[in-house]
Amino acid sequence: MPHSQTSAHRDSLSGVRLARGASPWLLPTVATAALSLTRARKSGRWAAAAVPATALAAGMLWFFRDPEREITQGRVISPADGVVQSIMPWKDGRTRVAIFMSPLNVHVNRAPLAGTVTSVEHIPGGFVPAFNKESENNERVVWHFDTELGDIEMVQIAGAVARRIVPYLPAGTKVEQGERIGLIRFGSRVDIYLPEGVEVAVEVGQATTAGVTRIDRD
């Protein structure tokens, strides 16, 4: 069973599966909502505060959801929920597929192939919107996987709101295809670089589902 699924640490609330790394955001929000609802019966001021507090808590629960997935069979599957923003040939023969993740998407990312994590590098940077060309200089985490197709690079890119990328696995970890590997908080982008000779199966504007949508074509 994948490492990220057998970890003893798992955020949860009322039976809802939540992303690892959600607690610092969720607990204060949910606690505030619970307190305001409790005191709303005796105070009009607390009653007024209970509405936005509860709405914010519900929004956080929705954002940090981490649903189970039936992993698709295929050589390369999508690492992220979102929409294909661009497909760009790279100078070294690889093809970059960029997937934009809105705040409405599930933000847990998954391994595109089975293999071994050879490196996980955090690179500081800016926080412009992930759909902006300037996001090339945003904060990011660069992953490399040793796979049956050779070295596969995947990049998690922070967006205008996302200020924290949370990798779940260190270098040296063996991963299964579709295994949870990390979280990006709020709007962001994930890029995957397909090796030379691997044909892209998705199109710009196409919706993707992590662990489900196949990225390459036979």
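A residue is called buried when its relative accessible area is under 20%, exposed when that area is over 50%, and partly exposed in between. In this predicted model, E199 is partly exposed because its relative accessible area of 44% lies between those limits, and R217, at 38%, is likewise partly exposed. R217 and E199 form a salt bridge in which the closest N and O atoms are 3.3 Å apart, and the pair links distant parts of the chain, with R217 in strand β15 and E199 in strand β13, 18 residues apart.

Another salt bridge joins the side chains of R214 and D216 at 2.8 Å, N to O; here R214 is partly exposed at 23% relative accessibility, whereas D216 is buried at 2%. Through shared partners, salt bridges connect R75, R214, D216 and D218 into one network. R94 and E153, which are both buried, form a salt bridge with their closest N and O atoms 2.9 Å apart.

Beyond its neighbours within four places in sequence, F145 is in contact with residues including P112, V117, I152, M154 and I181.

Strands β9 and β11 also belong to an open sheet of 3 strands, ordered β5-β11-β9 with antiparallel pairing. β5 and β9 stand at its edges with a single partner strand each, so one side of each is left without a neighbour in the sheet. The pairing of β9 with β11 runs over 3 bridges, and P167 stands opposite G182 in β11.

Technical notes:
Residues numbered from 1 in each chain as written. Predicted model: local features only at pLDDT ≥ 70, side-chain atom pairs only at ≥ 80, totals over all residues. Heavy atoms only, no water. Pairing = 2+ DSSP bridges. Helix = DSSP H or I, 4+ residues; strand = E, 2+ residues; numbered from the N terminus. Contact = heavy atoms within 4.5 Å. Salt bridge = Lys/Arg side-chain N within 4 Å of Asp/Glu carboxyl O. Buried < 20%, exposed > 50% of the residue type's maximum accessible area, 1.4 Å probe, protein only.
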